[in-house]
Amino acid sequence: MAKPSKPSTRPLCVHCGNKYGSRKTTDERIEWDEGTQPPRYTGNLLHLRDRWPHSIVVKDPGPRDGVATRKMTATRELWDGISYYVPYYPFCTLRCALGYARKAYQKEYEHVAPKHKAPNHS
Ligand SMILES: [Zn+2]
């Protein structure tokens with residue numbers, strides 16, 4: 001059985017030992033001029049990808065209000081390299097958590113109260 005670990009590195013399930021969790025990313029909206037390359041990412045996070053690039057119409061907010069130009073926009077996906085989304089921590093899935101609970105239950109009650117012993121589900 002794996003030792004529980006904090007989600008700072010890709011965690012291992014305490015029951016089955018498999019790696020689990022998806023990268024916990026942040027999204028940033030970027031805009032650039034049509035026909036040019038998207039701006040380079042200059043921050044400290046890992047740039048995974050730019051999703052859903054598409055064209056939009058931007059209206060000039062200045063005195064020439066109403067002049068519309070086309071721009072490109074996309075969602076930039078960034079990751080800090082260590083954070084994982086782990087909704088069932090320290091287990092990979094609810095199924096694994098249930099399997100762990102059943103084993104723990106059987107271990108606890110099989111010698112104390114045999115009549116509580118559940119049928120074998122595994
Ligand atoms: Zn598991």
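This report describes a predicted model of a protein.

## Confidence

The protein has a mean pLDDT of 85. Of its residues, 81% reach 70 or more. Among the elements, strand 1 (residues 22–33) has the highest mean pLDDT, at 95. The lowest belongs to strand 2 (residues 46–59), with a mean of 91.

Residues 1–7 need care. Their pLDDT is below 50. In the model this stretch has 15 contacts beyond near neighbours in sequence. Where pLDDT is low, predicted coordinates should not be read in detail.

## Overall layout

The protein holds three strands and one helix. Read from the N terminus, the order of elements is β-β-β-α.

Buried residues make up 7% of the 122 residues in the protein. Contacts can also be sorted by separation along the sequence. Among those with a separation of 6 or more, 57% join residues 24 or more positions apart.

The three strands form an open sheet in the order 1-3-2, and the pairing is antiparallel. Strand 1 and strand 2 are the edge strands, each pairing on one side only. On average, neighbouring strands of this sheet are turned by 20° against each other, direction ignored. Strands of a sheet pair through backbone hydrogen bonds.

Strand 3 (residues 68–85) pairs with strand 1 in the antiparallel sense over 11 bridges. Here Trp 32 stands opposite Met 72 of strand 3.

## Strand 1 in the open

Is strand 1 largely in the open or buried? Strand 1 has 12 residues, and the number buried is zero, so the strand lies largely in the open.

## Lys 19

Lys 19 lies in the segment before strand 1. Lys 19 has 12 other C-beta atoms within 10 Å. The cut-off for an exposed residue is 12 or fewer, so Lys 19 is exposed.

Which residues does Lys 19 contact, leaving aside its neighbours within four places in sequence? They are Arg 10 and Leu 12. Phe 91 is 72 residues from Lys 19 along the chain. The C-alpha atoms of Lys 19 and Phe 91 are separated by 9.7 Å.

Key. Residues are numbered from 1 along each chain as its sequence is written. This is a predicted model: local features need pLDDT of at least 70, side-chain atom pairs count only at pLDDT 80 or more; totals for chains, interfaces and linings use all residues. pLDDT is the predictor's confidence in each residue, from 0 to 100. Helices (H or I, at least four residues) and strands (E, at least two) are DSSP runs, numbered from the N terminus. Two residues are in contact if their C-beta atoms, placed from the backbone, lie within 7 Å. A residue is buried if 20 or more other C-beta atoms lie within 10 Å of its own, exposed if 12 or fewer, and partly exposed in between; C-beta atoms are placed from the backbone. Two strands pair if DSSP finds at least two bridges between them. Axes are lines fitted to C-alpha atoms, for helices over the stretch in contact, and angles run from 0 to 180 degrees between N-to-C directions.
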